[in-house]
Amino acid sequence: MKYDFELKKEIYEKHCEGYGSNTLSKIYGVNASKIRYICRLVDKHGLEAIRRKYTNYSSEYKLAAIKRVMVNGESVESVAVDLGLATDSILRQWIKSYIENGYNVVTKKKGRPSTRDKEKEDGRRAGEGERTPSRATIEENNRERIIKKTTSLNSRGRKEEKEQLTKAVTELRQELNCSLDFILETINSNDSLPSLPRSDYYYWKNRIDPDTKNSDLMDAITTIYTDNHKRYGYRRITLQLKNEGWSVNHKTVKRLMSKLNLYGITPRAKYKSYKGDFNGTVDNKLLYKKVDTKKHKTEYIRDFSTSDVNEKWTTDVSEFHIAAGKLYLSPILDMHNREIVSYNISKSPGFMQTIDMLNKAFDKFTDSFACGAPPIRV
């Protein structure tokens with residue numbers, strides 16, 4: 001669809017006032033990507049760039065633009081904006097024609113084709129003795145093409161089967177230029193193909209897609225999905241839509257994303273090295289569990305009370321700043337009489353500092369422990 005200069009100018013002025021592309025798309029009924037392209041084009045080349053102009057581009061000009069996309073890796077939109085093309089679809093059409101014609105730029109001749117040239121071509125073909133195939137041969141070829149196309153369909157249910165078959169019949173009518181009765185007769189007469197009555201064909205052909213009314217919402221979902229590097233799922237996209245003023249249910253967003261084949265990229269799961277408890281755990285002597293059966297609550301209460309020395313020890317690491325740098329003090333304190341059992345001073349807190357502190361404490365009270373705890377060696 002082509003838009004006049006006044007509409008494009010008005011859209012650009014609204015954009016300068018702070019309106020977003022999605023909001024302008026709802027107001028004017030223009031695709032959001034089209035609006036963004038118009039604004040970029042005016043920002044670079046001015047308002048004259050959006051006036052409707054008829055320009056004949058040379059083959060060299062087209063080839064240079066195509067190479068910027070296919071060789072240099074530039075995006076189609078950025079190249080089209082840089083060249084000042086009215087729409088980026090012009091450049092897309094150049095690339096499509098370039099590939100279809102064996103990577104050659106084809107320039108159309110101006111004016112209508114000459115009738116004399118056509119007569120010469122027809123005479124040349126007649127002189128070469130070209131034979132027109134018979135009607136029976138054409139029908140046989142058409143039947144083979146119909147069977148080949150319909151047998152290649154892959155569907156999971158009856159509904160999808162009817163939809164795909166109807167679409168295939170419509171394409172065959174345009175491709176073979178034959179009647180609908182001939183195609184349906186070929187399909188229904190073959191037992192290996194699914195049957196398609198004439199009424200079913202017209203039902204599925206004229207059936208309106210229920211999501212046609214959600215085209216603007218689907219464009220907004222696609223824009224949010226691409227702008228966030230394909231990381232948003234349907235929940236975060238629903239929140240973003242509501243922030244932009246859409247009133248939509250998360251189930252609708254999920255269904256439309258599935259239809260558009262949009263799925264958020266999930267992060268890789270973190271590596272977990274824990275394989276279970278093989279050696280058992282030591283009971284916590286500083287906590288006891290209190291269960292309230294009436295209120296159905298469980299509380300863990302800390303208990304630092306002792307009845308004799310060497311029942312409960314506590315430790316911590318303290319950092320001190322001196323002129324020479326930092327020092328770290330790691331003592332063991334007896335909870336009964338607040339006595340410092342042992343300590344270690346080190347320039348850096350580490351595992352060896354803790355080991356040295358424990359060895360000093362065990363050496364001091366070796367005879368007091370029933371088990372005779374040996375020193376820890378590393």
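Okay everyone, is Ile95 buried or exposed? Keep that in mind for a second. Before I answer, remember that what we have here is a predicted model.

So, Ile95. You'll find this residue in helix H6, which covers residues 88-100. Its relative accessibility is 12%, and buried means under 20%, so Ile95 counts as buried. What is it in contact with? If we leave aside the neighbours within four places in sequence, Ile95 is in contact with Ile66, Val69, Met70 and Val76. And here's something to look at on the screen: Ile95 and Lys67 are 28 residues apart in sequence, yet their C-alpha atoms are 9.3 Å apart in space.

Now, hold on to Met70, one of those contacts of Ile95. Val71 sits in the loop between helix H4 (59-70) and helix H5 (76-83). With 62% relative accessibility, Val71 counts as exposed, because the cut-off for that word is over 50%.

At 44% relative accessibility, Asp4 is partly exposed.

Next stop, helix H12, residues 215-227, where we find Thr223. Thr223 is at 11% relative accessibility, so this one counts as buried. Not counting residues up to four places away in sequence, Thr223 touches Asn22 and Arg36.

Asn177 isn't a glycine, but its phi is positive, about 60 degrees. Where does Asn177 lie? In the loop between helix H9 (158-176) and helix H10 (180-188). Its relative accessible area is 71%, so Asn177 is exposed.

Asn310 also has a positive phi, near 60 degrees, and again we're talking about a residue other than glycine. Asn310 is in the loop between strand S2 (297-302) and strand S3 (313-315). At 22% relative accessibility, Asn310 counts as partly exposed.

Back to the opening question, then: Ile95 is buried. Okay, that's me done, over to you for questions.

Technical notes: Residues are numbered from 1 along each chain as its sequence is written. This is a predicted model: local features need pLDDT of at least 70, side-chain atom pairs count only at pLDDT 80 or more; totals for chains, interfaces and linings use all residues. Side-chain values use heavy atoms; hydrogens and water are left out. Buried means under 20% relative accessible area, exposed over 50%, partly exposed in between (1.4 Å probe, protein chains only). Helices (H or I, at least four residues) and strands (E, at least two) are DSSP runs, numbered from the N terminus. Contact means heavy atoms within 4.5 Å.
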